[in-house]
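Please look through the sequence and the structure shown here, and then follow the report from one part of the chain to the next.

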Amino acid sequence: MNVVHESLFAPGGKREIGAGFHNIGSGVLRASNKKMVEKLEAHYGERCGHMPLDAHKLRVLVDVPTPAIEAQVAYLSQLFGKEIRAVTFEALHREHGANECPLVVPYINAPETAQRIQAMGEAEPWGLPAQMVHIIKNKADFYQLADELDLQGFRTPDYTISTIDMLHTDAWKFLARIEDIYSEAGVSATYPLGLVLRTAESDGNYGSSLLYSRGGSILLLQDGDAASIQRYQDWNDALLAAQQNLLATMNLQKETRVVISRFVDMADSPGLSLVLLNGYTESLRWNGQLQGPDSKACVGTSTYIPKNAYLRDLQLRYEDQTADFFTSFLKQTATKCGINFATIRGVANIDVILSSEMELDLQRRRKQQPVQYLAECNPRWTNYTDAIMTIIGVNRKEPTVHNMRTVIQEGIFTIDKSYLPTHVDPALVREYVYKVDDVLKQDGTRIICRMTKNPMGLIFAGDVQKAQQEFDSIFALLAQQK
């Protein structure tokens, strides 16, 4: 069966109503406190490319349809060539008739989200089953499950699981263990000493602390933000600060665990998304993750382009293996949850850590088999796959795996935070981008405003370099205006 040409959302015929729900706050950061959730929703609230594009009526579900969201949805309506409306859950419930079953596509089908969608009556959620999402989204549960299944190909890095109240003590002990490993391997003088601390329900580096030694200091990055590096003279102070930073992001009534892992010197950290179509899995292959200097946080995504010969070799050796491993992992997770894998339609992502030559040398010295590591599992849409669906929508194509792969092959690059001068109105930038994009699209190149605010979220597709140059010209023009 050739499922790559089959609609992701409507294999049995088009739905009357289809809605996207970009639940990045309540779903992705479901165990973060209110302040952290509001911070993420303020930036990503306008983003929603993962709509069931072939429904007759398109909706975007929001809690409050603000003027900014409605303006962005109107902009997308022009690009998609069909009306899209931002509506509340209550409004969608009133809109669909007794014989209609709206398809709701959340960014992540977390248990709380699935319950909310099902509470509307006949509405149907799309995505991995909530029971699976509940387990593999959680960093602590995911690592423990990966160890339990012990599948060939990838494994977890050195790690331990603590709680936020015991974090300082446990991290201190774990650090001593890592120092012993490096000492026994004879690499103490060369291998960078560091820890990665992630709350169990962290996501996209929000709710994480990265600590590593450099030049006699301990550097601390909170939420992967290299713009606000903190420096400490000893590990004790750095660990205490990291503990307080993480505590300030958490909702302790929902989750208290923290995963402490060894900082791995890596060559790269690609992601790979699978589309699950009733027992079939289709790989979108590796995607690149743009990371800022000194940061491990993903601030953008792109079609994967290896930066050197070493990474080209790793791609040839491990890209297909990543897809095979992830397929097996998802199948066994479904079995563990009592779910028939052949009933699942959804998308899921896994991020891996590719070992550098320094890390491979450490593995040899530890008498381990050469291995690549698991970073995290995202049983949901991602920055990358959401952008791909947006480009399919603006190019007015059907939402199929084949068309997703075409977007990837032709080139796609996203950036989440493109900073504008303070005097420049983001809405004006969007107007200029719309006009330039209307010309560029004749040759298959697109510039899309994804989040119309400062910093701005953007998607470049087709001739990515040309699209970036055109946006830079818009930026320069408006920056000169007072």
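This is a predicted model: local features need pLDDT of at least 70, side-chain atom pairs count only at pLDDT 80 or more; totals for chains, interfaces and linings use all residues.

Met-250 is found in the loop that runs between α9 (235–247) and β12 (257–262).

Leaving aside residues up to four places away in sequence, Met-250 touches Ala-31, Ser-32, Asn-33, Ile-164, Thr-199, Glu-255, Thr-256 and Arg-257. Leu-76, by contrast, is 174 residues away along the chain from Met-250, and the C-alpha atoms of the two are separated by 34 Å.

Phe-142 belongs to helix α7 and, with a relative accessibility of 1%, counts as buried. When residues up to four places away in sequence are not counted, Phe-142 touches Ile-135, Ile-136, Phe-329, Ile-350, Leu-374, Glu-376 and Cys-377. Between the C-alpha atoms of Phe-142 and Asp-237, which are 95 residues apart along the chain, the separation is 30 Å.

Thr-113 has its place in helix α5 (residues 111–118), and at 4% relative accessibility Thr-113 also counts as buried. The residues that Thr-113 touches, not counting those up to four places away in sequence, are Phe-21, Asn-23, Gly-27, Pro-106 and Ile-108. In α5 as a whole, the buried residues are Pro-111, Thr-113, Ala-114 and Ile-117; they cover an arc of only 160° around the axis, and therefore lie on the same side of α5. The elements against which these buried residues of α5 pack are β1 (17–21), α1, α4 (89–95), β4 (103–106), β5 (124–125) and α6 (130–136).

In helix α2 (residues 34–44), the residues Met-36, Val-37, Leu-40, His-43 and Tyr-44 are buried. Seen down the axis of α2, these buried residues fall within an arc of 140°, so they line one face of the helix. Lys-34 and Lys-35 are exposed on the other side of α2, while the buried residues of α2 pack against α1 (24–28), β9 (206–214), β19 and β20.

Helix α15 (residues 464–480) has 17 residues, and the distance of 25 Å from its first C-alpha to its last is close to the 24 Å expected at 1.5 Å a residue. Val-464, Ala-467, Phe-471, Ile-474 and Leu-478 are buried in α15, and because they cover an arc of only 85° around the axis, they are on the same side of α15. On the other side of α15, Gln-465 and Gln-480 are exposed. The buried residues of α15 pack against β19 (412–418), α14, β20 and β21.

## The pairing of α3 with α14

How do the axes of α3 and α14 cross, at what angle and within what distance? The axes of helix α3 (residues 67–80) and helix α14 (residues 426–440) come within 12 Å and cross at roughly 5°. Since angles under 35 degrees count as roughly parallel, α3 and α14 are therefore roughly parallel to each other.

On the α3 side, the contact is made by Ala-71, Gln-72, Tyr-75, Gln-78 and Leu-79, and on the α14 side by Arg-430, Val-433, Tyr-434 and Asp-437. Sorted by class, this contact of α3 with α14 has five nonpolar, two polar and two charged residues.

## Backbone exceptions in loops

Most residues other than glycine have a negative phi, and most peptide bonds are trans. Against that background, Asp-150 has a phi near 50°, which is a positive value in a residue other than glycine. Asp-150 is placed in the loop between α7 (139–149) and β6 (154–155), and at 56% relative accessibility Asp-150 counts as exposed.

Lys-367, which is not a glycine either, has a positive phi of about 60°. Lys-367 lies in the loop between α11 (357–365) and β18 (372–378), where Lys-367 is exposed, with a relative accessible area of 78%. A cis peptide bond leads from Asn-454 to Pro-455, with omega near 5°, and Pro-455 is found in the loop between β20 (446–451) and β21 (456–461).

Methods
Residues are numbered from 1 along each chain as its sequence is written. Side-chain values use heavy atoms; hydrogens and water are left out. Axes are lines fitted to C-alpha atoms, for helices over the stretch in contact, and angles run from 0 to 180 degrees between N-to-C directions. Helices (H or I, at least four residues) and strands (E, at least two) are DSSP runs, numbered from the N terminus. Angles under 35 degrees count as roughly parallel, over 145 as roughly antiparallel, 65 to 115 as roughly perpendicular and the rest as oblique. Contact means heavy atoms within 4.5 Å. Ala, Val, Leu, Ile, Met, Phe, Trp, Tyr, Cys and Pro count as nonpolar, Asp, Glu, Lys and Arg as charged, and the others, Gly among them, as polar. Buried means under 20% relative accessible area, exposed over 50%, partly exposed in between (1.4 Å probe, protein chains only). The expected span of a helix is 1.5 Å times one less than its number of residues. The arc is that of the directions from the helix axis to the C-beta atoms.
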